Amino acid sequence: MTEVYLNGAFMPLAEARVPVLDRGFLFGDGVYEVIPVYHGQPLRLAAHLDRLERSLAGIRLANPLSRAHWEHLFTRLIASQAAENQAIYLQVTRGAPPVREHRFSKCVEPTVFVMTKPMAPRDPRIAEQGVAAVLREDIRWQRCDIKSISLVAAVLLRQEAADHDAEEALLVRDGWVVEGSTSNVFIVQDGALATPPVGPELLSGITRELIIELSERQGLTLKQRPLSVEDCRRADELLICSSTRELLPVTRLDGAPVGQGQVGPLWRQLDAAYQACKTELMRTPHG
Ligand code: PDD
């Protein structure tokens, strides 16, 4: 039976309950994190907890738990699952006040929820064929740097991609491709990588940071610069990344081939480096 953590107690998932007046339920008033776990060890834990701190500050909510406490919860929940590779999901909402009211009171205890789920291995066809993506207008808000649980725009965009047999919707704001609905984006042009710089229009992905580090270590050229729609359409390679999907090669964009329409060499190189990081976690926890 899957064990989860809710407001100070561990319990089976089926028994976890929150009041209907919870502001997460009524307003989407909360933030979350998704942390990948390989061989029982969270990858880039400190960076995820740093981002949680920034997201909480962004919505004016104090971190309800110390780092040691978060880590204790993760260790216990990871151990309760048999799977070696998992994804931790944590969510903090502004709690359940006695009445529905937009304005918030500092006196209400936040709701803290954590669960883990097994992470399935990547479909081997992805390394052979890549995935498809579509371009869509970014209909989200102005603070995409906050990992907010108000995700209806992302939900609609991701579904829109799925409706077109695509893995991801790449989001265009003022003519610039900022990120995917649930991922960050890189292009390869003439052997050099590029990815949009972080700012309020995109989430500072932990996988994105890792890919930047790995490309530096591999001696690759990488520029953080805005990407136009044309940059993406004309790229030799197009890549998306996130904690749960790792690094994926996009070989079709809006139905047209990206580059040769095949998985490219830089994806192979960076994916190999990413896979090596996962193995490294066995020797050096909290990599
Ligand atoms: N989403 N951009 C957006 C909008 C995202 O939702 C995500 C991840 C990313 C990648 O961030 P990271 O590398 O830290 O996972 C970028 C998670 C996985 C989700 O919502 O489930």
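The sheet first: six strands, open, in the order 2-1-6-5-3-4, with antiparallel pairing. Strands here are DSSP E runs of at least two residues, helices H or I runs of at least four, numbered from the N terminus. Two strands pair if DSSP finds at least two bridges between them. The edges are strand 2 (9-12) and strand 4 (41-42); each has a single partner strand, so one side of each lacks a neighbour in the sheet. Strand 1 (residues 3-6) runs antiparallel to strand 6 (residues 111-118), joined by two bridges. In that pair, Leu-6 stands opposite Phe-113 of strand 6.

A word on the basis. This is a predicted model: local features need pLDDT of at least 70, side-chain atom pairs pLDDT 80 or more, while totals for chains, interfaces and linings use all residues. Numbering runs from 1 along each chain as its sequence is written, and side-chain values use heavy atoms, without hydrogens or water.

Now the ligand. For Ser-243, a side-chain N or O atom is 2.7 Å from an oxygen of the ligand. The protein covers 88% of the 470 Å² of accessible area that the ligand has on its own, by Shrake-Rupley with a 1.4 Å probe.

Where does the ligand lie?

Definitions and conventions: A polar contact is a pair of N or O atoms within 3.5 Å; within protein, one must be able to donate a hydrogen and the other to accept it, and residues adjacent in sequence count only if both atoms are side-chain atoms.
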